[in-house]
Amino acid sequence: MSTPVPPPGPTAKTTYTLAVCLFHHFTTLDYQGPIEILTAYSTSNRKNYGFLFETFPDSAIDAEFLSHSMEPVEPGIGPKVLPTGTYKDVMEQGRQFDIILIPGGAGNPGNVDSSLLEFIKTQYPKAKHILTVCTGSWILAGTGLLSGKKATTNKKVFRMIEEFTKDLNITWVPKARWVVTDDNKIWTSSGITAGMDLANAFMEYFVGEEFAYEACKIAELTPKGEGEDEWAAVHGLV
């Protein structure tokens, strides 16, 4: 007797592309946690796990994983990750992504491959949104795109990053689980697990609270609000 196959979810009317920016010694949870929420309604999930959802938004977000080369990327902890493309190839092909996700880790503007910074700067004008998790905001700061804007980052290294970027006119917000710019284009989160809180808040904005909650139900995530940040006090920032 064959096992019944659950029906897939409906095809999205609009599909947005998301580029996950990888670099050596990144923090895996910085991107993998948010991806579970951001791509909950991806083309693949609709096909394979559509039976888990009660409702579907009209749009989907499909992710690709980029790096400076096609060689496996070594995270700070965990197995190596195979990228699906390179920054250089994307730029040469003139491809544009709708959403850019920059994780944190041991990377900073001075030690990541220059093609990552160039990719971000090239994509920024036409990208709908830039998301950073943890110290990913430091990498974004290195492109100059945070100048004149507000942002947050991992509270353990908050003062250090604030000092390194003191000439860039960035308003670093010490007590925040995440921060979004006034035009809703740049979203930055605090350390590591805050990335999932940012992803939920972004999905509430992008597809609505009902669908964001559906994704949280499957991930069993109880997200924190923007100001629910006890770590700022723990690290003496407030």
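**Ground rules.** I number residues from 1 along each chain as its sequence is written, and I use heavy atoms for side-chain values, leaving out hydrogens and water. The model being predicted, local features need pLDDT of at least 70 and side-chain atom pairs count only at pLDDT 80 or more, while totals for chains, interfaces and linings use all residues.

**Entry 1, helix H4.** I took helices (H or I, at least four residues) and strands (E, at least two) as DSSP runs, numbered from the N terminus. I looked up which residues of H4 (residues 114-123) are buried, that is, under 20% relative accessible area, against over 50% for exposed and in between for partly exposed (1.4 Å probe, protein chains only). They are Ser115, Leu116, Leu117, Phe119, Ile120 and Gln123. The partners are strands S1 (14-21), S2 (59-67) and S4 (99-102), together with helices H3 (87-93) and H5 (136-141).

**Entry 2, loop between S9 and H7.** Serine 190 sits in the loop between S9 and H7. I found serine 190 buried, at 3% relative accessible area. Leaving aside residues up to four places away in sequence, serine 190 touches Val133, Cys134, Thr152, Thr153, Asn154, Lys155, Ala176 and Arg177. Isoleucine 192 is in the loop between strand S9 (186-189) and helix H7 (194-206). Its phi is positive, about 40 degrees, although isoleucine 192 is not a glycine. I have isoleucine 192 as partly exposed, with a relative accessible area of 30%.

Glutamate 220 lies in the loop between helix H8 (209-219) and helix H9 (231-234). I noted a positive phi of about 55 degrees here, on a residue that is not a glycine. Glutamate 220 counts as exposed at 73% relative accessibility.

I read the angle between H7 and H8 as about 145 degrees, with the axes 7 Å apart. Axes are lines fitted to C-alpha atoms, for helices over the stretch in contact, and angles run from 0 to 180 degrees between N-to-C directions. From H7, Asn200, Met203 and Glu204 meet Glu209, Ala212 and Cys216 of H8. This contact divides into three nonpolar, one polar and two charged residues. In this count Ala, Val, Leu, Ile, Met, Phe, Trp, Tyr, Cys and Pro are nonpolar, Asp, Glu, Lys and Arg charged, and the others, Gly among them, polar.

On a 1 Å grid over the protein atoms alone, a cavity is a set of points where a 1.4 Å probe fits but cannot get out, a pocket is an open set with protein on both sides within 12 Å along at least five of seven lines, and lining residues have an atom within 4 Å of a point. Grid points are joined across faces, edges and corners, and a volume is the space filled by probe spheres set on the points. I found one cavity of 30 Å³ or more. The largest cavity has a volume of about 40 Å³. Its lining includes Leu38, Tyr41, Ile61, Met203 and Phe206. S2 gives the largest share of that lining, three residues. The lining divides into nine nonpolar, three polar and no charged residues.

The largest pocket holds about 160 Å³ of space. Glu36, Asn45, Tyr49, Phe53 and Ile218 are among the residues that line the largest pocket. H8 supplies the largest share of the pocket lining, three residues.

Definitions and conventions: Contact means heavy atoms within 4.5 Å.
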